[in-house]
Amino acid sequence: MKTPLLIATACLLALLSTVGAALPYPILPPLFAADASNSLNHFMGLPPKLLFGIALSINPLGLLLGSALLGPLSDRFGRRPVLLSSALGAALGHAITAWALLLQSYPLFILARFVTGLMEGNASVARALLADRLTGDQRVKALAWLNGAFYAGWLAGPLLAGVTLVWGITVPFWVAAGALVLAAALVMISMPREAPSKATTSWWQVARDQHTLLLLRHPALRSLFVIQLAYTCGVTAFYEFYPLWLVEVPGYDAQGIAWITAGLCGLMIVSSFFAGRPSTIAPLRRIRWHAYFVAGAIACLAIGNLWLGLAAIILFGIPNSFYNAILPSWCAEQFGHYGQGAVMGLISTTFCLANIIMALLGSVLTLIDTRLILLLGAALSSWAAWRIGHWQKELAQQSCRQLETA
């Protein structure tokens, strides 16, 4: 498979997976805030805000499980069949979502969003695909472009919903389903069939006995998990609550938030094309300083004035893009022998877990002051940067001991 086509296939899947996750954000609030009651916003007589919260959280829950399982499954059964089946599964999930909206069936809607999230957890497989086939600076560059595709999806999802909603509430989901079918066709055409594995374990045994979290038995990967969880808790605190800051401080409406988000996503996309450039600086050192810059941006948002906060939101995208380009490539070099799918799955799972943790903490802290969750996020990302420095020394000492005993 030619390298440009390989990278294009992985980036298209990443883009469409993220589009599917971001698609409902402008669609759901009007549904559950509507004055007229229907089967969706008054299911079993429950409060609409509670139903809305469940509808928002069920897709990230599916992403969490999919990220933990699909990577190891691709290590066992191959990247091509897992990418193909997950793309078609996500397309089916979007189609069922559209059907549930037509029926106004809340249980079917929740089930469809969960299944869609589960199938869209294939980001780890796309990363593993690039980590398998590419090496060195080419791998770093490709993973940076892959991250750019993820960022573009967060921008394109709400835009797709806004543009196509004029033709009906189900149209955005049908468009997303059709795009994923085309992506699956590209996978079939562009990716050669892999040699069948000689292992006899079933997919259920792989999911049960080889899921991503089993990597935490290894001390080095346990350290990676703790550091990455702290860093991504800071990042998700920013992502989830800067829109609330924009409402409370400058008084922005949905359109204003959309423009700021477009600026942030646009800068992250552009930064991703530069993040993959070769560097003589050690990867962990670069990762550490970018984590410090991310923590600084979140802190500026929490304690700064209006203009400093707006600048921090936009500029946050630069160090975060570099961090997310360098870390997966370094992990592929260091821990690839554990299975690239499983390692990349651990990174994706950590981010999904951080989303859930910070959403729960934020729901409490924002009752007091929105800045508290942002300050907590800044502190966690800053601690992660500090811990990376110590971890770098530990890994260097461990390497020296191994050389002495060799």
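## Overall fold

The secondary structure of this protein consists of 16 helices and zero strands. The model is predicted. Of the 406 residues in the protein, 50% are buried. Among contacts with a separation of 6 or more, 83% are between residues 24 or more positions apart.

Rolling a probe the size of a water molecule over the atoms shows where empty space is left. A search of the whole structure gives two cavities of 30 Å³ or more. The second largest cavity has a volume of about 40 Å³.

Which residues line the second largest cavity? They are Leu 224, Ile 227, Gln 228, Leu 284, Ile 287, Tyr 323, Leu 327, Ile 388 and Trp 391. At least two lining residues come from each of four helices: H10 (219–248), H12 (283–303), H14 (317–335) and H16 (370–405). H10 supplies the largest share, three residues. By class, the lining has eight nonpolar residues, one polar residue and no charged residues.

## Helix H14

One of the helices that line this cavity, H14 (317–335), is mostly covered, with 16 of its 19 residues buried. How does the span of H14 compare with 1.5 Å a residue? The 19 residues should span 27 Å, and the end C-alpha atoms of H14 are 27 Å apart, so the two values agree.

## Arg 288 in helix H12

Arg 288 lies in helix H12, which also supplies at least two residues of the cavity lining. Is Arg 288 buried or exposed? Its relative accessibility is 19%, and because buried means under 20%, Arg 288 counts as buried.

Leaving aside residues up to four places away in sequence, Arg 288 touches Ala 385, Ile 388, Gly 389 and Gln 392. One of these contacts, Ile 388, is also a lining residue of the second largest cavity.

## Gln 104 between H4 and H5

Gln 104 is located in the loop between helix H4 (79–103) and helix H5 (106–119). The phi angle of Gln 104 is near 55°, a positive value in a residue other than glycine. With a relative accessibility of 34%, Gln 104 counts as partly exposed, because this class lies between the 20% limit for buried and the 50% limit for exposed.

Note on methods: Residues numbered from 1 in each chain as written. Predicted model: local features only at pLDDT ≥ 70, side-chain atom pairs only at ≥ 80, totals over all residues. Heavy atoms only, no water. 1 Å grid on protein atoms, 1.4 Å probe; cavity = no way out; pocket = protein on both sides within 12 Å on 5 of 7 lines; lining within 4 Å. Points joined across faces, edges and corners; volume = space filled by probe spheres on them. Nonpolar A, V, L, I, M, F, W, Y, C, P; charged D, E, K, R; others polar. Buried < 20%, exposed > 50% of the residue type's maximum accessible area, 1.4 Å probe, protein only. Contact = heavy atoms within 4.5 Å. Expected span 1.5 Å × (residues − 1).
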